[in-house]
Amino acid sequence: MLLKVDHVTRYAYDQPVRGVVQSHRLTPAVCEGQRVLSWTVTVSDGQMGGGFRDGAGDWVQAWTVLGPVSDITVRVEGVVETADTAGVLRGHRETIPPAVYLRDTPATEADVALAQLCAGVDVATDALAAAHELSRRISEAIAYRPGVTHAHTTAAEALALGEGVCQDHAHAMIGAARHLGLPARYVSGYLHASADGVPHEAAHAWAEVFLPALGWVGFDPSNRCCPNDGYVRLGSGLDARDAAPIRGIARGPGQERLDVTVAVQMQQ
Amino acid sequence: MLSRTADNLFWIARYIERAETAARLLEVGARMALIPSAAGYRNEWDSLLSASGTADGFARKYGDPVQRNLESWLFFDRDNPSSVASCITAARENGRIVRTALTTQAWDALNTAFQELRTLERQPRSALELSRLTEWTMRHAALVRGTIDATLLRNDGWDFLNLGFYLERADNTARLMDVKYYVLLPKVEFVGSGLDNFQWTTLLRAMSAHRAFHWAYGGEVTAGKIAHFLILNTQCPRSLITCAEGMMTHLERLARGYHRRTAAQEAARNLLSKLAELRVEDIFDEGLHEFLTRFIREVGELGAVVHDSYLHGDVR
Amino acid sequence: MTACFNEMFEGGSVRPPYARLQDWMAAMPAELRQMKQAEAESLFRRIGITFAVYGEGGDPDRLIPFDMFPRVFSAGEWARLERGIKQRARALNAFLVDVYGRGEILRAGRIPSRLVYQNEAYEQAVAGFVPPRGVYSHIVGIDLVRTGPEDFFVLEDNCRTPSGVSYMLENREIMMRMFPDLFRENRIEPVDSYPEKLRRTLASVAPAKCDREPTVVILTPGHFNSAYYEHSFLADLMGVELVEGQDLFVEGEFVFMRTTEGPKRVDVIYRRIDDAFIDPLCFRPDSMLGVPGLMDVYRSGGVSICSAPGAGVADDKAVYTFVPEMIRFYLGEEPILQNVPTWQCGKAEDLKYVLSHLPELVVKEVHGSGGYGMLVGPKSTVDQVETFRAKILANPSNYIAQPTLALSTTPTFVAEGVAPRHVDLRPYCLVGERIELVPGGLTRVALTEGSLVVNSSQGGGVKDTWVLAE
């Protein structure tokens, strides 16, 4: 599938800030199933900083903006050719060993309820089936509903609420998998919303679980599937904060207002 | 040098100068309190508080001005950011932060003042004469200034220290003179009277300048002579014009050393040239208080320009 | 604790390194000693070398007690220590490069990978990155204790930012000022080249993108930090700027400091703040001490950070057990310095042993430091032991235990005259283009009779440490 991404993030400050520093994971991963045909990231008034491939295999690009400045626009445009790998991540070079992804973070840590949700799931016999089962249970336990959770909601909190968005699903999936001794991580990317009438965010997130036989495999409890050719994988991390496509800090007392639009369209 | 280091040096000097002013204010007040208060202006102390800019804080803590409380407030009280104790502590803390930009001797002078202050604070107040406190303060301020002058490299750090001394001193001389205004305001008829002269002389004494004044002017003490001495005489080390010249000198040195001029040189030159053209009559025409109020504001503005040009860290 | 090794007196005779100190000691009447002690204290206070302990209240300008009786090593003793320390510093750095790369030692099964990859101090943010010259830990502080003429044990390794080197330098300075004769009579190796060596070490690890004489700075958390004096002292002696996070900023591919003349590029940062605080974009978002964007510049070769972020995984008390393995694995050598036998309370059989021998053992928190949160079994009451037992049981893997070592003593001035007190030693090994060790270190002394805790926060003092020339 040819996917055209247009992702604009606009920061507006109520008073000019003295400067902005950002760290981007906004470049599609180099792996089987996705090939970049064109890709540009621009930052208004920005100066491009250092760039490098990190231990997780993601391209990190630094940017700085010299103030005073009152608004900043980060624009991502590009076309990616995708193929369905049934969620299996192949051809992706990384140094961080899977064992590191057994570490919990406050956002993903399994509480009693999440641990109970894992009850009876047998990793030892068939890890793949076990991961599918976890994904299924999580999508049932946490109904997709935007607006009830926020950026700092933890997996445990979302489970208690019984509602959440893709970030909460991914956190719960990661917490559950780690609870069962499977390395798991958070993946951020884009999703081409299929024509099934269900509204989905085009900026999307899901989980990857490390299975001994297959390596890293993606699971998306929000859509009850594994990532297919409708998905563009950007970067990964221990949790949403760690895998954030844009991290940034503005220097100055100004209050920030954030406006994000993402469009992912199929191209002929 | 680091902008923050320059800022710390600048403030070491300002706090030392300010500590000395607090002590001088105490001395002015104590001397004025010695004269009979029947004349209807018993609140000399009010004027001191107004001049130090800390009247509100004092009223909240102590209520009516009584000499004992004023001594506490102006010397020991940590709630008063301009007290001698607060200023010495702040100067030493700034010094500790930039320890490496000072010589051993300069640091030693700052640190010794602080250590001795702590000893003073532990003594019963009744054992401490006011004159001992003011002399102590001036001695240590002189030590700090002297070690800086005698031992520091003549680099940009030295310029920022001196800028701090001159800027704060300009402000403080103006404030000390303004005390006079507050004291005399209610009774214009006292101008030129023996009482008035006593107060002017007291002011000179508080600035350790009355002997110098007599050498320079001789004869009778008049308001005009004193205003000339403290504002326009380039021989007087505390006069406003001397301070303005000092700021100009050190800003020019910075501009030469950095091969770069800023708005600060311009502002200092303006301040100095305006003073240089002034006659004493002009000052009294404008009104001494009005003149001093304006001058204090202009010095504050110059301080802000110095900050923007060198100290705030976003210098390009 | 009856038969501990006295470094000066052995079987009624004076050991050779201390030979000349006996007359000096004998010739010092109590009044002179008190006068000298007061002189030393006033010198320390005037130079401003004080030590503030958070949360202890009291005098924020407290001095660490200085004991004038020096601690002495012969040239031969030191030569062996030096070889052992350098060997350890090499192995620790090889380990760090390995675990952030291919992890060969873990694949080979020589160290359990869980200990490394699930360690809080393992920074996945630097995985796959090799710092300039392959050095993660540029200043390795190795804490040593002695139990006999030939027996030295490593208590712990400090790979991040070991403190105390300013005391090594100031103690010597003060001793030379007060007792110049001693330095004429004994041939004592100087330590004052340390700052210059440190500066050279830091400059030698300038980043790939640095194409000129590198600008080095020291990054301090600020003047409220208890080690601030040391930070400013080292900056001064090296002739480099002492900066706080707010003095630095990232622009484009580099880090700059804010100066009165505009931005000035910085190439090497000797940081004295923890990993978690150096970059709010990468680590703790609430950190006010760090520099936003610093890690991206670091990873893309625009600046060097010393010690390298992530170095802490090598000085973890659980990883410590495996340092002899590292030496064999990476260097193919046998360890010159021994480890103290250590029980991991996280292991069932070790825990069992520890719980049944608590009154004989020293128990420490895996991540603790400064002598806090530890149990010295033989010096504790039954109640204290039982309280600690509960703490261990609540979280066993947070604790390790070691036998209580009979730490050596050296003569120390006390109220009654001279008496033996227990000591340890921290030398500072520099790792850059070369590996260097100045002949000396910080000797800490437990001033309370019989005490084994030498930490300055727990009533310990310091001594000048001499290495005699051949």
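In chain B, 72% of the contacts with a separation of 6 or more join residues 24 or more positions apart, two residues being in contact if their C-beta atoms, placed from the backbone, lie within 7 Å. The model is a predicted one, in which local features need pLDDT of at least 70 and side-chain atom pairs count only at pLDDT 80 or more, while totals for chains, interfaces and linings use all residues. Residues are numbered from 1 along each chain as its sequence is written, and chains are lettered from A in the order in which they are written.

Chain B holds 15 helices and zero strands (DSSP runs numbered from the N terminus, with H or I over at least four residues for helices and E over at least two for strands). Its C-alpha trace spans about 60 × 50 × 35 Å along the principal axes. Of the 316 residues in chain B, 47% are buried, that is, have 20 or more other C-beta atoms within 10 Å of their own.

One helix pair of chain B deserves a look of its own. Helix α5 (residues 84-97) and helix α6 (residues 104-122) of chain B pack at about 145°, their axes 9 Å apart (lines fitted to C-alpha atoms over the stretch in contact, with angles from 0 to 180 degrees between N-to-C directions). The residues that make this contact include Ile88(B) and Arg92(B) of α5(B), together with Trp107(B), Phe114(B) and Glu121(B) of α6(B). By class, the contact of α5(B) with α6(B) has eight nonpolar, three polar and two charged residues (Ala, Val, Leu, Ile, Met, Phe, Trp, Tyr, Cys and Pro count as nonpolar, Asp, Glu, Lys and Arg as charged, and the others, Gly among them, as polar).

Turning to chain A, an automatic or database domain assignment gives domain 1 (2-81 + 246-267) and domain 2 (85-237). The centres of these two domains of chain A, taken over C-alpha atoms, are 24 Å apart. Their contact draws 23 residues from domain 1 and 20 residues from domain 2 of chain A. On the domain 1 side, β12(A) gives the most, with five residues.

Chain A also meets chain C, with 23 residues of chain A in contact with 24 residues of chain C. On the chain A side, β3(A) gives the most, with five residues.

How values were computed: Buried ≥ 20, exposed ≤ 12 C-beta atoms within 10 Å, placed from the backbone.
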